[in-house]
Amino acid sequence: MSGGNVTFNISYTSFFLLGFPGLKESRSLLILPFLFLYMVILSANGLIVYTVTTQRSLHQPMYVLISLLLAINMCTATTVVPAMLFSFSTYFNQISLTCCLVQMFFIYFLLAFECNILLVMALDRYVAICYPLRYTEIMTGQVLAGLVGVAASRSAGIVAPAVILAARVQFCRSNVIHHFTCEHMALMKLSCGDISLNKTVGLALRVFNRILDLLLLATSYTRIIHAAFRISSGSARSKALHTCGSHLLVIFTVYGSTLSSSIVYRVARTASQDVHNLISAFYLLIPCLVNPVIYGARNKEIREHLAKLFQRVEP
């Protein structure tokens with residue numbers, strides 16, 4: 001301290017998560033609803049993953065990718081909800097900067113991985129409908145594993161730059177994150193230096209990859225639907241379109257929740273922090289809840305195996 005001016009030369013390495021801060025002491029009332037939601041997500045997704053894993057007739061690329069997508073949903077919910085429940089407490093809501101960055105990486109990695117698996121699913125359906133006679137020859141287990149590996153590598157490559165840049169920032173404004181997870185912008189609000197590079201890199205990666213993904217998905221499904229209408233057999237054509245319809249509903253759910261939350265987040269800048277927390281919870285958890293319902297209700301093979309499973313457990 002000199003000349004009456006106080007200079008802070010400190011960067012916090014430990015933070016307190018404070019989800020829905022406007023509710024104050026009433027935040028603890030949110031524990032049971034979100035815990036119930038978490039159990040429903042785990043049960044619904046886990047049931048279909050178990051069904052695909054145990055039924056040999058479902059050991060096909062499309063069902064393997066569906067089970068992988070739902071396993072990602074379970075991992076996303078597990079990365080988000082326990083931290084959210086702790087953030088509602090005043091005793092267990094502390095987190096180190098390292099753990100915060102690790103959580104940030106896995107949240108965004110899983111969201112990107114989910115989108116990339118949807119691209120692999122689009123490629124799988126493209127080959128199945130446009131080249132049905134060569135499908136088993138092209139979509140082998142080795143090819144599928146390679147595509148999933150590429151999807152995981154691309155996801156890590158998208159997320160890593162933003163997290164690495166965040167690790168280099170000094171945080172001296174406060175050690176309280178007004179969010180239920182280590183969300184990127186919620187953490188960046190605590191920075192005391194220039195974070196224009198972080199914002200630019202994060203926005204550029206997000207916009208570029210979202211636009212590229214949507215273009216690839218639109219191109220793939222346009223060609224898939226065009227090829228499906230050329231199938232002479234009415235039942236085969238109906239089955240192909242029905243399967244694609246399920247995938248398109250999931251794509252709409254995943255991208256719709258993400259894009260709508262981004263738009264609302266930027267339009268409602270003056271809204272309370274609780275509103276922004278609610279928007280984040282919406283785009284993180286809604287796909288985890290809706291995706292198993294779509295595949296469980298619309299896919300005939302999965303639905304039949306689930307019905308047999310429930311019949312076996314009935315007394």
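This is a predicted model: local features need pLDDT of at least 70, side-chain atom pairs count only at pLDDT 80 or more; totals for chains, interfaces and linings use all residues.

Biologist: Helix 5 then. What span should its 27 residues have?
Modeller: They should span 39 Å, at 1.5 Å a residue. The rule is 1.5 Å times one less than the number of residues. The end C-alpha atoms of helix 5 (residues 141–167) are 38 Å apart, which agrees. Helices here are DSSP runs (H or I, at least four residues), and strands are E runs of at least two, numbered from the N terminus.

Biologist: Where does helix 5 bend?
Modeller: At A160, by about 30°. A proline, P161, follows within four residues. The bend is the angle between axes fitted to the seven residues ending at a residue and the seven starting there.

Biologist: Which residues of helix 5 are buried?
Modeller: L144, A151, S155, I158, V159, A162, V163, L165 and A166. Buried means under 20% relative accessible area, exposed over 50%, partly exposed in between (1.4 Å probe, protein chains only).

Biologist: What covers them?
Modeller: The cover includes helix 2 (61–87), helix 3 (97–130), helix 6 (184–188) and helix 7 (196–229). Contact means heavy atoms within 4.5 Å.

Biologist: New topic. How many salt bridges are there?
Modeller: The count is 2. The rule is a side-chain nitrogen of Lys or Arg within 4 Å of a carboxyl oxygen of Asp or Glu.

Biologist: Which residue does R154 pair with?
Modeller: D213, with the closest N and O atoms 3.0 Å apart. R154 lies in helix 5 and D213 in helix 7, so the pair ties together parts that are 59 residues apart in sequence. R154 is partly exposed at 24% relative accessible area. D213 is buried, at 2%.

Biologist: And what about R125?
Modeller: R125 bridges to D124, at 2.9 Å between the closest N and O atoms. R125 counts as buried at 12% relative accessibility, and D124 does at 1%.

Biologist: F20 next. Is it buried or exposed?
Modeller: Buried, because its relative accessibility is 6%. F20 has a positive phi of about 50° although it is not a glycine. The residue is in the loop between strand 1 (14–17) and helix 1 (31–54).

Definitions and conventions
Residues are numbered from 1 along each chain as its sequence is written. Side-chain values use heavy atoms; hydrogens and water are left out.
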